[in-house]
Amino acid sequence: MNFRFVGSGDSAQVPRFGCDCPACARARVLSSHRRGPCCAEVRLDGRRYLLDAGRMDLAESCEAERPAAILLTHYHADHVQGLFHLRWGTGESIPVHGPKDAQGCADLYRNAGILDFRPGLKPFRALELGGLTVTPVPLNHSKPTLGFCLDDGDARLAYLTDTLGLPGETERFLRDWAPDVVVLDATHPSTHPAPSNHNDLSLALQILERLGAPQAYLTHIGHELDAELMAGGLALPAGVEVAHDGLTL
Ligand SMILES: [Zn+2]
Ligand SMILES: [Zn+2]
Ligand SMILES: [Zn+2]
């Protein structure tokens with residue numbers, strides 16, 4: 001499979017509106033340092049699958065290449081906001097798989113347009129999409145949220161955002177499943193006084209150490225962590241990198 005980080009930022013994105021911290025100032029000048037809403041895409045056997053739909057140019061991107069399916073981790077705005085435009089398109093419907101969530105986001109379920117919502121993903125119950133096996137795993141977040149364990153028969157990648165820590169059952173599953181690559185939420189710097197809803201860097205690194213995957217990428221990065229990385233002095237363990245928008249694996 002070909003995996004691409006489309007967006008690697010938190011809900012505020014980088015630069016954050018109105019902020020003149022070093023990371024936001026740099027991102028305004030150098031577009032390569034901008035971070036859009038956290039989302040990714042997977043290509044396999046000529047098909048394109050989207051992980052989350054928060055990018056603001058989602059409709060344009062789907063016009064260029066219609067996705068075979070969209071997988072939603074959860075219904076927070078930064079992960080679904082692109083659907084509010086895409087739904088009013090025409091043509092064949094697009095399957096949107098997501099966790100069981102009675103609320104969804106705003107009126108998406110009621111006015112779904114071309115989106116074919118299938119909010120029935122069950123934890124640890126694998127879904128077959130072409131040659132891709134997707135096993136959803138529960139995460140710790142303020143809305144029902146699933147991580148996705150992707151297996152194309154050659155490589156295993158676990159995509160785990162948004163989360164604070166990991167539920168015990170998810171961690172046990174992952175240790176057994178033995179991913180080659182883990183993508184993990186690291187929204188805040190380690191100096192964050194009280195992370196809630198998202199990992200800070202030290203929590204993310206502790207999880208990665210316990211999982212022991214050979215390669216890991218941090219995502220859902222907030223501007224404060226970027227500023228701390230810019231200041232230097234943050235040595236990441238071997239095999240752990242900070243993702244950036246457009247990074248392809
Ligand atoms: Zn988010
Ligand atoms: Zn900032
Ligand atoms: Zn969220």
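Me: Why are helix 1 and helix 7 called roughly perpendicular to each other?

Reply: Happy to walk through it, bearing in mind that this is a predicted model. The axes of helix 1 (residues 22-29) and helix 7 (residues 223-231) cross at roughly 90 degrees and come within 7 Å. Angles of 65 to 115 degrees count as roughly perpendicular, so helix 1 and helix 7 are described that way.

Me: Which residues make that contact, and how do they divide into nonpolar, polar and charged?

Reply: Helix 1 brings P22, A23, C24 and R26, while helix 7 brings H223, D226, A227 and M230. They divide into 5 nonpolar, 1 polar and 2 charged.

Me: What makes Q13 count as buried?

Reply: A residue is buried if 20 or more other C-beta atoms lie within 10 Å of its own. Q13 has 24, so Q13 is buried. Its place is in the loop between strand 1 and helix 1, and its phi is near 65 degrees, a positive value in a residue other than glycine.

Me: And how do you know that H220 counts as buried?

Reply: By the same cut-off of 20 or more: H220 has 29 C-beta neighbours inside 10 Å, so it counts as buried. H220 sits in the loop between strand 12 (215-219) and helix 7, and has a positive phi of about 60 degrees although it is not a glycine.

Me: Why do strand 1 and strand 6 stand at the edges of the sheet?

Reply: The open sheet has 6 strands in the order 1-2-3-4-5-6, with mixed pairing. Strand 1 (2-7) and strand 6 (115-121) each have a single partner strand, so one side of each is left without a neighbour in the sheet.

Methods
Residues numbered from 1 in each chain as written. Chains lettered and ligands numbered in written order. Predicted model: local features only at pLDDT ≥ 70, side-chain atom pairs only at ≥ 80, totals over all residues. Axes fitted to C-alpha atoms, helices over the stretch in contact; angles between N-to-C directions. Helix = DSSP H or I, 4+ residues; strand = E, 2+ residues; numbered from the N terminus. Parallel < 35°, antiparallel > 145°, perpendicular 65-115°, else oblique. Contact = placed C-beta atoms within 7 Å. Nonpolar A, V, L, I, M, F, W, Y, C, P; charged D, E, K, R; others polar. Pairing = 2+ DSSP bridges. Buried ≥ 20, exposed ≤ 12 C-beta atoms within 10 Å, placed from the backbone.
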